[in-house]
Amino acid sequence: MLVRTGAPGDLDRLARELAQGATAGTVIPADVWRDDEAFFVQFDLPGMERSSIEVTVERGTLLLSAERPSPVPDGARPVLTERPTGRFSRRLTLSDALDADAAQAVYDNGVLTLRIPLAAHAKPRKIAITGGAPKQVTA
């Protein structure tokens, strides 16, 4: 998804790519935003137990996987089944502007929220200006 490196603008591009990034099967819906300190991703995972959710980061790729079992008991005959069941996954390529080692995940009311801080080199910073007479460069 976010394959270019370093530029904070690349983080903004991920939000657009998530909207276009439907993969085969059922897509885990996501919202993405950022502020000056971190990048946030929220995934809708209704009906999934926290213990079935796995989030891993390897070589700059975040992989989310979760499972929703069928509510139909063994031996019963389904009459109508519209809610998808089984294993779901979503893969995102992270920029090197993010500090994935410091990522945090919280699961509450069927929503998984990831907070991935910006790496120190990607955070906006001011450069101090000191006074004094300009120095002449001599050749």
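**Figure 1. The aromatic pair of Trp33 and Phe40 in this predicted model.** Rings of Phe, Tyr and Trp (its six-membered ring) pair if their centres lie within 6.5 Å, with planes under 30 degrees apart counting as stacked, over 60 as edge-to-face and the rest as tilted, and by this rule the count comes to one aromatic pair. The ring centres of Trp33 and Phe40 lie 5.4 Å apart and the planes meet at 10 degrees, so this pair is stacked. Buried means under 20% relative accessible area, exposed over 50%, and partly exposed in between (1.4 Å probe, protein chains only); Phe40 is buried, at 14%, whereas Trp33 is partly exposed, at 37%. Because the model is predicted, local features need pLDDT of at least 70 and side-chain atom pairs count only at pLDDT 80 or more, while totals for chains, interfaces and linings use all residues. Residues are numbered from 1 along each chain as its sequence is written, and side-chain values use heavy atoms, with hydrogens and water left out.

**Figure 2. The hairpin of strands β1 and β2.** Helices (H or I, at least four residues) and strands (E, at least two) are DSSP runs, numbered from the N terminus, and two strands pair if DSSP finds at least two bridges between them. Strand β1 (residues 30-34) and strand β2 (residues 38-44) run antiparallel and are joined by five bridges, with three residues between the two strands of the hairpin. Within this pairing, Trp33 has Phe40 of β2 as its bridge partner. The chain as a whole has one helix and seven strands, which follow one another from the N terminus in the order α-β-β-β-β-β-β-β.

**Figure 3. The largest nonpolar core and its member Leu64.** A nonpolar core is a set of buried Ala, Val, Leu, Ile, Met, Phe, Trp, Tyr and Cys residues joined through side-chain atoms within 4.5 Å. The largest such core holds 20 residues, of which Val41, Phe43, Leu45, Ile53, Leu64 and Leu112 touch the most other members. Two or more residues of this core come from each of β2, β4, β5 (86-93) and β7 (111-117). Contact means heavy atoms within 4.5 Å, and, when residues up to four places away in sequence are not counted, those touched by Leu64 include Ile28, Phe43, Val55, Phe88 and Leu112.

**Figure 4. Ala102 in the loop between β5 and β6.** Ala102 is placed in the loop that leads from β5 to β6 (104-108) and is partly exposed, with a relative accessible area of 32%. Leaving aside neighbours within four places in sequence, Ala102 is in contact with Arg115 and Pro117. From C-alpha to C-alpha, Ala102 and Leu118 are 9.3 Å apart in space, with 16 residues' separation in sequence.
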